[in-house]
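Please look at the sequence and the model shown here, and read the paragraphs that follow with both in view.

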Amino acid sequence: MIGALTALWLASLLGWLAFLILGIGVQAQMAVPIGLALGLGCAVLLRDTLPLRGIVALFGPVGAVLPLIILRQMAAQLGVPVQPFGSVELLVFLALYLAFLASAAGAIPVDIYRLGYAPIPVAGIVLALCAYGFAQGSVFVPLLAVTGQAMWVMGWGSSNYFDHVLHPILVPAVAAVLVLRLF
């Protein structure tokens, strides 16, 4: 099952890259399905090649956050109403996530990452994220929290919940979004 999940994860990432490249000269209504089809084709036919194995190694572990963000962006390009993240939300997320990464690396004496292995703290985190999402009127955060928990409970991928709902690539991505909002 992990192999199939990795292939879908890789297909979404490759499909998103193809969508971005195609989006330069093709309308979103064409770029999304063609990009996803190209991503799926590459993930299935070329999955044992060195470049794609390198992408999996570089962007691993396989989790829910990257495919959901990718699908969210593609849906927005197709005209689906998607609530954007506010700048304050992104700043708070960035600060908390940087503190979380510092904690996981041992720079802060509290190890928050360790909580991702235990069912009770994970349940509390999922409930808090669902409550936050519903209070904001956002479906994305609760969907991410519950999808990550389902993957964690089923043992698909990492044994730590945080690996399913967070990814280090979010730090430069969120920072870039915040900088671009200044201009």
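Predicted model: local features only at pLDDT ≥ 70, side-chain atom pairs only at ≥ 80, totals over all residues.

Residues are numbered from 1 along each chain as its sequence is written, and side-chain values use heavy atoms, with hydrogens and water left out.

Two packed helices are described by the angle between their axes and the distance between the axes. Here the axes are lines fitted to C-alpha atoms, for helices over the stretch in contact, and the angles run from 0 to 180 degrees between N-to-C directions. The helices themselves are DSSP runs (H or I, at least four residues), numbered from the N terminus.

Consider the pair formed by helix α6 (residues 119-136) and helix α7 (residues 140-153). The axes of α6 and α7 come within 7 Å and cross at roughly 160 degrees, and α6 is therefore roughly antiparallel to α7, given that angles under 35 degrees count as roughly parallel, over 145 as roughly antiparallel, 65 to 115 as roughly perpendicular and the rest as oblique. The crossing of α6 and α7 is left-handed; a crossing has that hand if the near helix is turned anticlockwise from the far one by less than a right angle, and is right-handed if clockwise. On the α6 side the residues that meet α7 include Pro 119, Val 122, Ala 123, Val 126 and Leu 129, and on the α7 side they include Val 141, Pro 142, Ala 145, Val 146, Gln 149 and Trp 152, where contact means heavy atoms within 4.5 Å. By class, this contact of α6 with α7 holds 13 nonpolar, two polar and no charged residues; Ala, Val, Leu, Ile, Met, Phe, Trp, Tyr, Cys and Pro count as nonpolar, Asp, Glu, Lys and Arg as charged, and the others, Gly among them, as polar.

Helix α7 also packs with helix α4 (residues 65-77), the two axes coming within 10 Å and crossing at roughly 150 degrees. That angle makes α4 roughly antiparallel to α7, and the crossing of α4 and α7 is right-handed. Val 65, Leu 68, Ile 69 and Arg 72 in α4 meet Phe 140, Leu 143, Leu 144 and Thr 147 in α7, and the residues of this contact divide into six nonpolar, one polar and one charged.

A further pair is helix α5 (residues 87-104) with helix α9 (residues 170-181), which pack at an angle of about 150 degrees with their axes 10 Å apart. These two helices are therefore roughly antiparallel to each other, and the crossing of α5 and α9 is left-handed. Among the α5 residues that take part are Leu 90, Leu 91, Phe 93, Leu 94 and Tyr 97, which belong to a set that meets α9 residues including Leu 170, Val 171, Val 174 and Arg 181. The contact of α5 with α9 divides into 13 nonpolar residues, one polar and one charged.

Which residues does Val 126 contact, leaving aside its neighbours within four places in sequence? Val 126, which lies in helix α6, is in contact with Ala 145, Val 146, Gln 149 and Tyr 161. Val 126 is buried, with a relative accessible area of 5%, where buried means under 20% relative accessible area, exposed over 50% and partly exposed in between (1.4 Å probe, protein chains only). Ile 125 is also found in helix α6, but counts as partly exposed at 22% relative accessibility; with neighbours within four places in sequence again left aside, Ile 125 is in contact with Tyr 161 and Phe 162.

Outside the helices, Val 110 is found in the loop between α5 and α6, and this valine is exposed, with a relative accessible area of 52%. The C-alpha atoms of Val 110 and Phe 100, 10 residues apart along the chain, are separated by 9.3 Å.

As for charged side chains, a search of the whole structure finds one salt bridge, defined as a side-chain nitrogen of Lys or Arg within 4 Å of a carboxyl oxygen of Asp or Glu. Asp 48 forms this salt bridge with Arg 53, the closest N and O atoms being 3.3 Å apart. Asp 48 is exposed, with a relative accessible area of 56%, whereas Arg 53 is partly exposed, at 48%.
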